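Have a go with the structure open before reading on.

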Amino acid sequence: MAEADLLVQDIAEHHYRPITLTIVTQLRAIVGERNVIYDDPAALLDYAHDEVAGAEYAHMPEAVVKPDTAAEIAEIMRLANRERIPVTPRGAGSGLSCGAVPVYGGILLSLERMNRILEIDRENMVAVVEPGVVTNDINEAIREYGLFYAGYPMSVELCFIGGNVAENAGGGRAIKYGVTGRYVLGLEIVLPTGEIVQLGGKRVKDVTGYDLLHLMVGSEGTLGIFTRIILKLLPLPIASAVLLIPFADVPSAIGAVPRIMTQGRIVPTSVEFMDRLSVQTAYDYTGERPPHPDIGAMLLIEVDGYSRDQVEAEYNAIIDLCLELGALDIYVGNTPAAERRMWRPRQDMAEAFKTICPVQSLEDIVVPLAQIPDLMPELERLSRQYDVLIPCYGHAGDGNLHATVVKRPETSMEEWQAKLPVILKDLYEVVARLGGTISGEHGIGSKRAHYLSLVMNPTLIALQRRIKRVFDPLNILNPGKIFPKEPVGEQRR
């Protein structure tokens, strides 16, 4: 059956209805004519995909609607429920799980206009922001007050804070500072049925009732639409340094990470890992020579603190320990320019592999730290068995690695599309055997929904489906995400 026919069948099974001109008129009355895109394929196409490569993952919305207030969103959701129209919320579209892709068409609800920093409360050390604020802009705004927001996804200059909360985004600082959810103190939310609720607040502690606040964090836009976010802030560190540490092999590099924290009693800000293929490709892309000819793996370690003496003592202790553990050399960057230069190959990694072939599947696996050395030979096996490249890099400090399956240029698209699902199933089964799971920070979305049962008990999947139905009885909000498709006989009527 053709993809278009399958979409029509899926829509019918879920009792969704198409958007009519009458509904478009109502949407324009809610948000204004200029804030609705309809019957303009070129403009709609921009909202049909996120950063996941491949046309097969894209789905066109029927209309894009750009609200400016929670009240407007609530009215849109009430309309969508009355008319049985699916609604997909979207931030910057920088995600890597197709979480903001409108799988069933309908309304694409773009939060790009809700981009205001509403309050910087220095006394309570919080910021109140709307979901469309670029994450990096938060730190730019609060720097002058000696504060910073510690959530740090690697796409910090592109992504919106609302998407970060929806995915419970991690990133380079997670080993020391934790992921996004640690800093979310409060949310204003429009529920799928159109009610507006407030969860949490500026208070740090709250055990009153169920923790619905953190149920929402990481819910991938399936349980509610964030319209206001209260973020915990921290004092701004005044000093930092970056270490670039090449090792001869993966076990030596990975083995150093827990020793730094246990023997050295240091929790670095970041510990990034790159295998040999990743190092060579990234440095080729930047036009630089790798820091050592015999690199088998490399760590990039950042430390920060509230005094230069503290930071210097910590990075010197890491240097001594890593040399003891077999580091080939160590390079120190303790000026802003040097730090940026050292981070650049890691930050450009995904783009570097696109120069080899733009067709790839950027994965987001996570395993216990001690199992990373066991994972590496499995990646080599998969690479040989399926004739693909699988570079591995990412956040070694918390076991979250980006094992990216890259198509060789000589492989046909037909062959690639046939074998990628088999590769991913094999990869995810390996990860599960090692005590890991299929996503550490990018989310499940629609890209990985088919594979959820490889790592999650059926009873737990069923429980989460029931939670979804409590919040969203008609499955209006962001359908087709997280959960495998249900057999027709099991769908709600």
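**Exercise 1: aromatic pairs**

The count comes to 4 aromatic pairs in this predicted model. Work out how the rings of Tyr 16 and Tyr 104 are arranged.

*Solution.* Start with the geometry: the centres are 5.5 Å apart and the planes make an angle of 50 degrees. Stacked needs under 30 degrees and edge-to-face over 60, so this pair is tilted. Next, place the residues: Tyr 16 sits in the loop between α1 (3-13) and α2 (21-31), and Tyr 104 in the loop between β3 (87-90) and β4 (107-110), 88 residues apart. Finally, check burial, with under 20% as the cut-off: Tyr 16 is buried because its relative accessibility is 7%, and Tyr 104 is buried because it comes in at 8%.

**Exercise 2: another pair**

Classify the pair formed by Tyr 428 and Tyr 451.

*Solution.* Here the centres lie 5.1 Å apart with 75 degrees between the planes, which gives edge-to-face. Tyr 428 is buried at 0% relative accessible area, and Tyr 451 is buried at 8%.

**Exercise 3: packed helices**

How do α14 (residues 372-386) and α15 cross?

*Solution.* Their axes come within 11 Å and cross at roughly 165 degrees. That is over 145, so α14 runs roughly antiparallel to α15. The crossing is right-handed. Contact residues include Leu 375, Leu 379 and Leu 382 of α14, and Val 422, Ile 423 and Leu 427 of α15. Sorting the contact residues gives 8 nonpolar, 1 polar and 5 charged.

Technical notes
Residues are numbered from 1 along each chain as its sequence is written. This is a predicted model: local features need pLDDT of at least 70, side-chain atom pairs count only at pLDDT 80 or more; totals for chains, interfaces and linings use all residues. Side-chain values use heavy atoms; hydrogens and water are left out. Rings of Phe, Tyr and Trp (its six-membered ring) pair if their centres lie within 6.5 Å; planes under 30 degrees apart count as stacked, over 60 as edge-to-face and the rest as tilted. Helices (H or I, at least four residues) and strands (E, at least two) are DSSP runs, numbered from the N terminus. Buried means under 20% relative accessible area, exposed over 50%, partly exposed in between (1.4 Å probe, protein chains only). Axes are lines fitted to C-alpha atoms, for helices over the stretch in contact, and angles run from 0 to 180 degrees between N-to-C directions. Angles under 35 degrees count as roughly parallel, over 145 as roughly antiparallel, 65 to 115 as roughly perpendicular and the rest as oblique. A crossing is left-handed if the near helix is turned anticlockwise from the far one by less than a right angle, and right-handed if clockwise. Contact means heavy atoms within 4.5 Å. Ala, Val, Leu, Ile, Met, Phe, Trp, Tyr, Cys and Pro count as nonpolar, Asp, Glu, Lys and Arg as charged, and the others, Gly among them, as polar.
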